[in-house]
Amino acid sequence: MVIKQISVFVENKQGRLYMLTDVLAREGIDLKAMTIADTMDFGIMRCIVADPDKTLKVIRENNFTASITEVIAVEVPDVPGGLSKVLKILSDASISVEYLYSFVRKHKDNALIIFRVEDPQAAVKVLSEKDVNVLPGEVLYNL
Amino acid sequence: MYWNEHIECMPIDQMRELQSRRLQDTVFRVYQNVPFYKKKMQEMGIAPEDIRSIEDISLLPFTTKDDLRENYPYGLFASPMSEIIRIHASSGTTGKPTVVGYTRNDITNWSECAARALVCAGADSHSVVQVAYGYGLFTGGLGMHYGVEKLGGSVIPISGGNTKRQIMIMKDFGTTILCCTPSYALYIAEVLEEMGIDPRELNLKSAILGAEPWSEEMRRDIEKKLNILAIDIYGLSEITGPGVSCECDRQVGMHINEDMFYPEIISPDTLKPMADGQNGELVFTTILKEGIPLIRYRTRDITRLNRDVCACGRTSVRMHKVMGRSDDMLIIRGVNVFPTQIESVLDRFPELSLNYIIYVTREKSVDMLEVKVEMSENLYSDEVKEIEKLQQRIAAEIHAVLNINVKVTLVGPKTIERSEGKAKRVVDLRKI
């Protein structure tokens, strides 16, 4: 149930982000979800792609510092309070969330949220127990 | 005005005799007491008796900063520790500092040099001297301090930093002479202006500035902004500290205290002596030191010598303002910095590769150091706060080694330009 996310260090320099997206474009890699966290000096791009292992290799070959991070993809009803309900389950289980961002596409009319949590296995367990749908990689990578 | 007219204006042939005698004594001393020199001289087939006059100096071996490192900390001392009364240190080329020791006579002689320098800058027993060089292992503060006491002036041992307090004391205590780095003098001038204080409200007459490279333009700027005479002083802890040489008020070259430090200029490539007036690497032999006498110490400073008698009447040989280095040492806010010191810190972080570049800039007269380093291909954390913490940890470890703050910038692998041959590690953008 744990999804492989690609995380890439991008220095805050004109053209650097373009270089990264250009590499992905040339290799025909589709960004299924993406977010960028940024500071004064650098940013970190996190993304979901169909073939994370190949993507990591390609990105590193093109001189970027990158790694695979384990995240989970959670199906959240697209109604007010939907996200809040999921966060309460994690909070009650004392699992802290490092960051989250939403998927571009929907799944069966539900929103998809990518969560980076301190303990992904435990998060999958408590969410499943509360009937929250956590999507496996095969489904997500092919969306 | 001279502090020691007998020595400072000594006829040349008499000076050569004095130097010859002192060189012979020094060579005997190191041959007997320092195994490093005995071994080196034996390998070269030189005995102390072979040194009959100062002209024979070129028979002797050189000493380098690496030799000091390999004999860290006390291996080159020629006096027992019971006779060493002071220890100073400066940056080494790696993590370990270069250590020097002084006997009571060494401190007396060094104070003499600093007193001569102070008189060169117009000081006398009525002077109030504010020593804004750092006090501590760095020789700047204590070196000038002892000079002022020897001279009988009044010393204000304020050390560096806290500029507004420096200015308040300068104004209230009636400071007549300021000792600090040239960039700090310029910074004081800028803060004075910000505070709306006219330098003519101060009692300041001159400043003795050194420990870092500066230009003639910078001198004129300081003199104009502070309404003073700015005097260039030279020194290095290996030889003694500030006062190895100093300008007089004619400001044409620094008078070397050659009764204690015999200068030569060599080609850094062939190591052959060069003629007076030619630019090359400055080499000193300490001919009156007891604690750690050094034979033909390669300073790595590029300059030239002038033996014309100065208009001030001093006969001592003068050295031109230092024009550069024959190694990659940087001087940042008066602190010696070797790229290898920074490299040894970066090497401790598995998150980094060893490709780095150091940018030096000068913002508002303050030297700034930025270390740009490539990360390894593996991103060890994708959290912003963790990466910021890494930057801070690197900066803290560099601070622990150099004692100066640096900005650390992380960049992607292979994004720093590669140069063919020797890697370019330093980009100095300062307009000195």
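E149(B) sits in helix α6 of chain B, which covers residues 139-151; helices (H or I, at least four residues) and strands (E, at least two) are DSSP runs, numbered from the N terminus. This is a predicted model, in which local features need pLDDT of at least 70, side-chain atom pairs count only at pLDDT 80 or more, and totals for chains, interfaces and linings use all residues. Residues are numbered from 1 along each chain as its sequence is written, while chains are lettered from A and ligands numbered from 1 in the order in which they are written.

**Around E149(B)**
- With 15 other C-beta atoms within 10 Å, E149(B) is partly exposed; a residue is buried at 20 or more such neighbours, exposed at 12 or fewer, and partly exposed in between, with C-beta atoms placed from the backbone.
- Q42(B) lies 107 residues from E149(B) along the chain, and their C-alpha atoms are separated by 43 Å.

**Where the chains meet**
- On the chain B side, 17 residues are in contact with 17 residues of chain A, where contact means C-beta atoms, placed from the backbone, within 7 Å.
- The elements of chain B that give two or more residues to this side are α11 (384-402) and β20 (407-411).
- By class, the side of chain B that touches chain A has 7 nonpolar, 5 polar and 5 charged residues; Ala, Val, Leu, Ile, Met, Phe, Trp, Tyr, Cys and Pro count as nonpolar, Asp, Glu, Lys and Arg as charged, and the others, Gly among them, as polar.

**Chain A as a whole**
- Chain A has 5 helices and 7 strands, and along the sequence they follow the pattern β-α-β-β-α-β-α-β-β-α-β-α.
- Of the 143 residues in chain A, 31% are buried.
- Among contacts in chain A with a separation of 6 or more, 68% join residues 24 or more positions apart.

**Backbone spots worth a look in chain B**
- Most residues other than glycine have a negative phi, and most peptide bonds are trans.
- The peptide bond from Y72(B) to P73(B) is cis, with omega near -10 degrees, and P73(B) is in the loop between α4 (65-70) and β1 (84-90).
- R333(B) has a positive phi, near 50 degrees, in the loop between β16 (330-332) and β17 (335-337); R333(B) counts as buried because 22 C-beta neighbours lie inside 10 Å.
- K414(B) has a positive phi near 55 degrees and lies in the loop between β20 and β21 (426-428); K414(B) counts as partly exposed, with 14 C-beta neighbours inside 10 Å.

Definitions and conventions. Contact = placed C-beta atoms within 7 Å.
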